[in-house]
Amino acid sequence: MTTTEPRIIPMGVALNEAMDIAMGLDEKVFLLGEDIAEPSGGVYKITKGLSTKYGTHRVRKTPISEAAIIGAAVGAAIAGYKPVAEIMIMDFIAVCLDQITNHAAKIRYMSGGQTTVPMVIRTSAGAGRQFGAQHSEMLEAWAVHTPGLKVVVPSNPADAKGLLISSIFDPDPVLFVEPMLMYWDPQYACDVPVGDNRIPLGKANIVREGKDVTVISYGKQVHDAVKAADILAAEGVSVEVIDLRTLVPLDEATVLASVSKTKRAVVVHEAVTRCGFGAELSSRIHEELFGTLSAPVARVGGQNTPVPYAKNLETAFVPQVADIVAAIKSLNK
Amino acid sequence: MATTNRPDSPDRETLVQMYEIQNKIKTTDERFRSMLTSGQIQLIYYSPRGQECISAGYAVHLRPDDYVVTIYRGLHDHLAKGVPMRELWAEFLGRSTGTCKGKGGPMHITHPESGLVVTTGIVGSGIPIANGFGLASQLAGTDQVTVVNFGDGASNIGAFHEGMNMAAVWKLPVIFVCQNNLYGEHTPMSMSTGVEYISERAAAYGMPGVTVNGNDPVAMWHAAGEAIARARAGEGPTLIEARTYRFYGHLMGDAMEYMPKEERKAAMAADPVPAFRAWLLENGHATEAQLAEIEDKIVAMVDDAVEFAMNSPEPSLDELYTDVYEEITK
């Protein structure tokens with residue numbers, strides 16, 4: 001038997017499997033986006049092979065028209081389909097934000113629950129490949145600030161697969177943020193169960209248990225948080241690392257239980273620090289646990305600048321393992 | 001006389017049905033405006049008065065399972081597609097018995113049972129969404145069609161361009177009805193639009209485009225009928241520019257300084273609803289008694305709806321938190 005052997009695959013393959021499974025289960029699931037059909041299978045190859053398997057009517061190549069893509073997904077979702085729209089790069093959300101925030105997010109509410117918009121917007125995000133200021137941003141805070149949207153940011157291939165299947169079958173619109181650097185890099189590959197292994201939205205993952213400090217993160221920075229925890233373990237500091245997985249719904253109970261135990265917290269994300277999701281999280285922890293904290297919650301995030309091009313500047317924009325280590329140490333003074 | 005006499009005019013029953021829809025819109029609008037000006041109700045109101053024939057002209061071709069998408073000036077489209085009067089009034093008044101439990105309001109009337117699936121307050125945004133309904137029908141292999149309504153102003157926003165192109169590329173069963181009332185908010189079309197006829201823009205997307213007198217019910221009926229038949233047959237979208245006039249400006253309370261007085265006076269003197277009524281009588285398509293009976297019935301219907309809405313409760317406060325997500329979500 002080979003079923004118990006680990007199956008190490010990258011996030012790009014895991015996401016493809018998730019869509020394959022969802023399309024196989026439900027003919028109402030269809031995909032639309034720029035270049036997603038064969039022969040390219042998407043600029044990042046995430047939808048490779050799917051148009052051959054399911055047909056170009058269900059894996060639809062679109063014009064470069066993001067508002068038309070999201071609008072079509074909104075209408076089809078109201079009419080009973082489960083569209084998965086790909087927005088190639090998260091910065092392009094800016095050109096279809098009206099469809100996302102004014103329509104996908106609000107239609108259930110505005111109609112008093114008569115019409116619903118069960119759709120997924122998949123998008124790649126993050127700095128690190130010198131794509132410059134318009135192809136590198138993490139804009140999840142925009143979506144979190146919009147009631148009606150759910151927001152998912154996976155940190156590894158297994159979670160990406162399980163969370164994407166759940167998102168496709170979720171009754172609400174989901175913005176699914178895929179850290180671009182993790183698609184094909186073997187260092188982020190992991191064991192991914194075969195088949196329909198869903199991970200529910202709203203359940204954080206305690207990646208590493210610890211007792212002195214809680215680091216709360218999501219996406220690629222979870223790996224940096226674990227590296228920081230390794231470094232500090234050697235110095236006798238026990239760090240708990242929580243991977244939120246989903247920002248909306250937020251597993252606040254897991255966060256608060258952990259910080260109640262450690263009495264110290266650091267929130268980490270790649271997005272610009274100012275008004276980033278960490279600001280909300282820090283605020284919630286202070287509101288609930290102020291009297292019991294040993295130190296104020298620290299934030300580690302991107303600089304309050306556009307994402308620069310030059311390699312040294314880009315690296316300086318993105319929070320590094322050393323920044324997380326320094327933030328944790330600052331709480332222990 | 002605005003109404004065309006054609007040998008292939010719709011049958012009597014259809015003609016009277018169109019008049020009934022027009023009268024329902026006119027009577028409802030008049031009641032809203034009188035109650036607003038007398039201070040009995042307060043709400044944001046975009047009068048559709050003057051544009052009745054357009055909605056009536058396409059609606060009589062539609063089935064309940066066809067979709068209509070419209071905008072904030074949408075009362076005429078709502079009534080034409082069959083949104084029930086009581087629930088419509090209650091929604092305008094923000095009551096729990098409204099179409100959307102009082103949570104959407106006049107700019108977001110939704111009534112899927114009638115096929116009125118989206119009313120948006122954002123200019124042009126209904127166009128890409130209508131494509132999604134068209135795509136759903138196409139994927140499902142049904143012959144349902146989607147009519148999306150918007151104004152002349154919307155033809156200058158990016159969503160129009162993206163949506164028209166996608167509909168043409170995918171041959172979607174969508175009818176784009178540009179209700180050209182000659183003004184986008186407070187700006188005349190001549191100051192905002194580089195073409196004389198918005199229908200000319202259809203050529204740029206590779207779809208048929210036609211300009212029709214939107215105040216001529218028979219001409220509108222023909223144009224809509226042809227476009228709807230083409231969409232049902234899987235032959236793709238059409239842009240219909242229906243020329244009309246907006247009697248009461250952009251928004252109730254608008255001082256209308258930007259609309260020449262003579263122009264408005266002339267348009268109102270040529271009011272298409274009484275003109276069509278007279279045409280029906282002159283051509284023997286209906287009798288005075290028949291039309292009077294319809295009109296009385298509609299007045300009674302509006303009276304009933306107003307009473308229903310005024311006596312309905314506001315939504316309970318817990319409705320604030322429901323319908324954000326399927327389940328209440330932090």
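## A bridge pair in chain A

In this predicted model, Ile87(A) stands opposite Thr123(A) in E5(A). The two strands here are strand E4 (residues 82-89) and strand E5 (residues 120-125) of chain A, which run parallel and are joined by five bridges. Strands (E, at least two residues) and helices (H or I, at least four residues) are DSSP runs, numbered from the N terminus. Two strands count as paired if DSSP finds at least two bridges between them.

## Model and numbering

Residues are numbered from 1 along each chain as its sequence is written, while chains are lettered from A and ligands numbered from 1 in the order in which they are written. Because the model is predicted, local features need pLDDT of at least 70 and side-chain atom pairs count only at pLDDT 80 or more, whereas totals for chains, interfaces and linings use all residues.

The mean pLDDT (the predictor's confidence in each residue, from 0 to 100) of chain B is 96, and 99% of the residues of chain B reach 70 or more. For the complex, the predictor gives an ipTM of 0.97 and a pTM of 0.97.

## The seven-stranded sheet

E4 and E5 belong to an open sheet of seven strands with mixed pairing, in the order E3-E2-E4-E5-E7-E6-E12 (chain A). Strand E3 (59-61) and strand E12 (246-248) of chain A each have a single partner strand, so one side of each is left without a neighbour in the sheet. From one strand to the next, the twist averages 20°.

H3(A) lies across strand E2 (29-33), E4 and E5 of chain A, at about 165° to E4(A). Such angles run from 0 to 180 degrees between N-to-C directions, with axes fitted to C-alpha atoms, for helices over the stretch in contact.

## Ile78(A) and the side facing chain B

Ile78(A) is found in helix H3 of chain A. Is Ile78(A) buried or exposed? Ile78(A) is buried, because 29 other C-beta atoms lie within 10 Å; the cut-offs are 20 or more for buried, 12 or fewer for exposed, and partly exposed in between, with C-beta atoms placed from the backbone. Leaving aside neighbours within four places in sequence, Ile78(A) is in contact (C-beta atoms, placed from the backbone, within 7 Å) with Ile107(A), Thr115(A), Val117(A) and Val117(B).

The contact between the chains takes 37 residues from chain A and 34 residues from chain B. On the chain A side, helix H3 (66-78), helix H4 (97-104) and helix H5 (107-110) each supply at least two residues. The largest share, nine residues, comes from H3(A).

## Two domains of chain A

Chain A is divided into domain 1 (8-191) and domain 2 (205-331), with bounds from an automatic or database domain assignment. The centres of these two domains, taken over C-alpha atoms, are separated by 26 Å. Their contact takes 25 residues from domain 1 of chain A and 23 residues from domain 2 of chain A.

## The five-stranded sheet

Another open sheet in chain A has five strands in the order E9-E11-E10-E13-E14, with mixed pairing. Its edge strands are strand E9 (205-208) and strand E14 (298-302) of chain A. Strand E10 (residues 213-217) and strand E13 (residues 265-272) of chain A pair in the parallel sense over three bridges, and Val266(A) in E13(A) is the bridge partner of Val215(A).

Helix H10 (residues 277-289) of chain A packs on the sheet, touching E10, E13 and E14 of chain A, and its direction makes about 160° with that of E13(A).

Notes. Contact = placed C-beta atoms within 7 Å.
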